[in-house]
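Have a look at the fold first, then read on.

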Amino acid sequence: MKGMIRTEAALPGMCLSEAVVDDSGRVLVPEGAVLTESLIQSLLRRGVSELCVDQATEEDPAEREIRRARISRSVAVYFRQAGDGVGSLALQEAILTFRMGRGE
């Protein structure tokens, strides 16, 4: 979801959802760029007062648990004959975490 924020409120790691342009229309920072502290400071020095950034929406905890259970069942299929060894369980958890992060 896009959202306008004041440049002073920007944090490193935020992603621009629109390019930052100067008064002449020249692109200062392209769309999709990830903000760093030095980039934020540079934009402030140039007088850029607002930025359009991608804002993550909070996922409903109940929906997250439903999604986690669905992904866990899917991943468990691959490990049905792997046993309960520490390595197998750690790998299964790592795959589950990866898939949850991807938004499957």
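## The main core

Twelve residues make up the largest nonpolar core: Ile 5, Ala 10, Leu 16, Val 20, Val 29, Ala 33, Leu 35, Ile 40, Leu 43, Val 48, Leu 51 and Val 53. A nonpolar core here is a set of buried Ala, Val, Leu, Ile, Met, Phe, Trp, Tyr and Cys residues joined through side-chain atoms within 4.5 Å. Buried means under 20% relative accessible area, exposed means over 50%, and partly exposed is in between (1.4 Å probe, protein chains only). The elements giving two or more residues to this core are α1 (37–45) and β4 (50–54).

Setting aside neighbours within four places in sequence, Val 20 is in contact (heavy atoms within 4.5 Å) with Arg 26, Val 27, Leu 28, Val 29, Leu 43, Val 48 and Leu 51.

## What you're looking at

This is a predicted model, so keep the cut-offs in mind: local features need pLDDT of at least 70, side-chain atom pairs count only at pLDDT 80 or more, and totals for chains, interfaces and linings use all residues. Residues are numbered from 1 along each chain as its sequence is written, and side-chain values use heavy atoms, with hydrogens and water left out.

## A second core

There's also a second, separate core of five residues, among them Ile 71, Phe 79, Leu 96 and Met 100. Phe 79 sits in the loop between α2 (61–78) and α3 (86–102). Phe 79 counts as buried because its relative accessibility is 15%. Not counting residues up to four places away in sequence, Phe 79 touches Ser 88, Leu 91, Gln 92 and Ile 95.

Val 75, in helix α2, has a relative accessible area of 1%, so it is buried. Leaving out neighbours within four places, Val 75 contacts Gln 92, Ile 95 and Arg 99. From Val 75 to Gly 32 is 31 Å, C-alpha to C-alpha, for residues 43 apart in sequence.

## Between β4 and α2

Gln 55 is found in the loop between β4 and α2. Its relative accessibility is 29%, so Gln 55 counts as partly exposed. The C-alpha atoms of Gln 55 and Ala 33 are 14 Å apart, and the two residues are 22 apart along the chain.

## The chain as a whole

Three helices and four strands make up the element list, where helices (H or I, at least four residues) and strands (E, at least two) are DSSP runs numbered from the N terminus. Their order from the N terminus is β-β-β-α-β-α-α.

The C-alpha trace spans about 65 × 25 × 20 Å along its principal axes. The chain's radius of gyration is 20 Å, while a compact globule of 104 residues would be near 13 Å; the radius is taken over C-alpha atoms, and the globule rule is 2.2 Å times the number of residues to the power 0.38. Of the 104 residues, 24% count as buried. Among contacts between residues at least 6 apart in sequence, 57% join residues at least 24 apart.
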